[in-house]
Each structure stands twice: as C-alpha cells, then as structure tokens.
Amino acid sequence: MAAAAVSRVRRALAARLSAVLRLDDPPWRVALALAVGVFISCTPFYVFRRSCSLAVAAIFRLNKAVTVTGTWLNLPWFTPLVYGFALRIGAFVLPDLHGATSRRSPSYC
C-alpha cells in the first residue's frame, strides 16, 4: 500500500517536472522570453528582478522559466564570464587592435 502511494507521488512529481521543463513555444517566443529576462536583469531593481520578470512574463504570456533564466544571466558572479566572452568575441571580430590607430607618433610627443 505504501509502495503504491510512493510510486504515485513519484510519477506525479516526474510528470510535473517534465511539464515545467518542456518548451512547447516556438523558438522566437523562447528567444523573446530570454531577451526580456536579460533586459530586466539590466535594470537597477536588484531585489525585485525575479518578481518583475515573472510579472512581465505573465502579462505578455511568455515562458516564465526562460524569462527568469534570462534574468539570472546578469548575476554578479557571471560578470567576469560575460566580459571575458565579450572580449574574446571582440578580439575575433577585430583581431588587429593596433591597426586601428595611426602609425605615426603624435606631433605633441
């Protein structure tokens, strides 16, 4: 009897978890939800970021899990990673940084 109850609870939890993790939205809606989350993460409302992202996701009927994930991308401990990747991409796009400056020395030196 107890084993059947545990099995039912386990199946119910697995079904609920798979429903939460399933993304039935088209890719553009997932991207929009992530972009909204990242936009909210750049606001100065540090304490209310998660609440704001959930409210905006509910108002515009976006995926709440993806919106909160976008909000969490701008956490302080991710900042070195974000800046590091930005520098790598910038170095890939503009590999010769010294080529952008003039080769001649300025006349005031």
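Residues are numbered from 1 along each chain as its sequence is written, and side-chain values use heavy atoms, with hydrogens and water left out. Because the model is predicted, local features need pLDDT of at least 70 and side-chain atom pairs count only at pLDDT 80 or more, whereas totals for chains, interfaces and linings use all residues.

The protein contains 5 helices and 0 strands, where helices (H or I, at least four residues) and strands (E, at least two) are DSSP runs numbered from the N terminus. Along the sequence the pattern is α-α-α-α-α. Of the 109 residues, 16% count as buried, a term that means under 20% relative accessible area, with exposed being over 50% and partly exposed in between (1.4 Å probe, protein chains only).

Two packed helices are described by the angle between their axes and the distance between the axes. Axes are lines fitted to C-alpha atoms, for helices over the stretch in contact, and angles run from 0 to 180 degrees between N-to-C directions. Helix α2 (residues 27–41) packs with α3 at an angle of about 145°, their axes being 10 Å apart. In this pair, V36, I40 and S41 of α2 meet R49, C52, S53 and V56 of α3, contact meaning heavy atoms within 4.5 Å. These residues divide into 4 nonpolar, 2 polar and 1 charged, where Ala, Val, Leu, Ile, Met, Phe, Trp, Tyr, Cys and Pro count as nonpolar, Asp, Glu, Lys and Arg as charged, and the others, Gly among them, as polar.

Helix α3 (residues 49–59) also packs with helix α4 (residues 64–72), at an angle of about 145° and with the axes 9 Å apart. Here R49, R50, S53, L54, A57 and A58 in α3 meet K64, T67, V68, T71 and W72 in α4, and by class this contact has 5 nonpolar, 3 polar and 3 charged residues. Within α4, the buried residues are V66, T67, V68, G70 and T71, and what covers them includes α2 and α3. The N-terminal end of α4 is capped by N63, a side-chain oxygen of which lies 3.1 Å from the backbone nitrogen of A65.

As for the cysteines, C42 counts as exposed because its relative accessibility is 58%, while C52 has a relative accessible area of 29% and is therefore partly exposed. A search of the whole structure finds 0 disulfides, a disulfide being a pair of cysteine sulfur atoms within 2.5 Å.

Technical notes
Polar contact = N/O pair within 3.5 Å; in protein donor to acceptor, adjacent residues only side chain to side chain.
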